[in-house]
Amino acid sequence: MNGNASPPDVPVIAIDGPSASGKGTVAQGVAAALGFHYLDSGALYRLVALAAGRAGLRLDDEPRLAALAERLPAEFCGSDILLSGEVVTDALRTESCSAGASRVASLAGVRTALLERQRAFRRPPGLVADGRDMGSVVFPDARLKVFLTASAEVRAERRYKQLIDKGIPANISTLLLDLRERDARDASRPVAPLVRSPDARLLDTTGMTIAEAVATVVAWFRETA
Ligand code: CDP
């Protein structure tokens, strides 16, 4: 691990889990409550998929996709995400980008190319990182690891509401099918599959509000101090 890019004394809270489990919302809430930085690692895979589409690359062309990931001209400015200076925050949330992200994320070359970029987010006073392999690969020494999940039906409903609120048309049964397909691909891929590491605490948010989930993670983190 690079000592400067990811100083081990800066605490990390790793929040991993399946699609639409609410990781992003909960992770941002925890980061705000503690005054920590926030890393949305899924956005990096989404950016690779979006940039690949724009460059006309096939989503299985590993060498070119890895090269693209290595020099991805992306910036995170508050809640906005920019690609080559253009705000692409909404474009990244479309279902085609989600599916593309899941495909490029199965390529080892792409994952390696994004590793240091992710670790560079670890800065004082701390970092909350959400994704699939935050606790297992990117920040194995995280102070707290959480595996956050919810039933597939509740996750499809949450994703549906999220898209409709953004004015993006959606169909709940298609979303449920897409989620199950993505869960299966994320869990079965040979590289950094989505698994609950033995040292991660399980948080099932099926019957929980966002505020309850945030409060639980903050309390768990305080227990580690
Ligand atoms: O919001 P949602 O959980 O659906 O997606 P996301 O967290 O933005 O991640 C998009 C895709 O990137 C996922 O389907 C994963 O395949 C992949 N991903 C990953 O492989 N590793 C990460 N650390 C984060 C995302």
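Val-110 touches Tyr-45, Val-48, Leu-65, Ala-66, Ala-69 and Val-104, leaving aside residues up to four places away in sequence; contact here means heavy atoms within 4.5 Å. This is a predicted model, in which local features need pLDDT of at least 70 and side-chain atom pairs count only at pLDDT 80 or more, whereas totals for chains, interfaces and linings use all residues. Residues are numbered from 1 along each chain as its sequence is written, and side-chain values use heavy atoms, with hydrogens and water left out.

The pLDDT, which is the predictor's confidence in each residue on a scale from 0 to 100, has a mean of 92 over the chain, and 97% of the residues reach 70 or more. Over residues 1–5 the pLDDT is below 50, and this stretch has 10 contacts in the model beyond near neighbours in sequence.

Val-110 belongs to the largest nonpolar core, which has 36 residues; Val-110 is listed with Leu-39, Leu-47, Val-48 and Phe-139 as having the most contacts inside this core. A nonpolar core is a set of buried Ala, Val, Leu, Ile, Met, Phe, Trp, Tyr and Cys residues joined through side-chain atoms within 4.5 Å. Buried means under 20% relative accessible area, exposed over 50%, and partly exposed in between, with a 1.4 Å probe and protein chains only. The elements that give two or more residues to this core are the strands S1 (12–16), S4 (80–83) and S6 (127–131), together with the helices H2 (41–55), H3 (62–70), H4 (95–104), H5 (108–119) and H6 (134–138). Helices (H or I, at least four residues) and strands (E, at least two) are DSSP runs numbered from the N terminus. Helix H2 provides the largest share of this core, nine residues. Apart from it lies another core of 19 residues, among them Val-128, Leu-144, Leu-203 and Val-217.

Ser-41 is placed in H2 and counts as buried because its relative accessibility is 2%. Not counting residues up to four places away in sequence, Ser-41 touches Gln-118, Asp-130, Gly-131 and Met-134. In H4, the buried residues are Cys-97, Ser-98, Gly-100, Ala-101, Ser-102 and Val-104. Their cover includes H2, H3, H5, helix H7 (152–165) and helix H8 (172–188).

The ligand is surrounded by 20 residues, of which the closest are Arg-46, Arg-111, Asp-133, Asp-186 and Arg-189; a residue is near a molecule if one of its heavy atoms lies within 4 Å of it. Polar contacts, pairs of N or O atoms within 3.5 Å, include one of 2.9 Å between a polar side-chain atom of Asp-133 and a nitrogen atom of the ligand. An oxygen atom of the ligand lies 3.1 Å from a polar side-chain atom of Arg-93, and an N or O atom in the side chain of Arg-159 is 2.9 Å from an oxygen atom of the ligand. The protein covers 97% of the 530 Å² of accessible area that the ligand has on its own, as computed by the Shrake-Rupley method with a 1.4 Å probe.

Some backbone features remain. Most residues other than glycine have a negative phi, and most peptide bonds are trans. Ala-20, in the loop between S1 and helix H1 (23–34), has a positive phi of about 60°; Ala-20 counts as buried because its relative accessibility is 10%. Ser-84, in the loop between S4 and strand S5 (86–87), has a positive phi near 50°, and counts as exposed at 59% relative accessibility. A cis peptide bond, with omega about 5°, joins Pro-124 and Pro-125, and Pro-125 lies in the loop between H5 and S6.

Key: A polar contact is a pair of N or O atoms within 3.5 Å; within protein, one must be able to donate a hydrogen and the other to accept it, and residues adjacent in sequence count only if both atoms are side-chain atoms.
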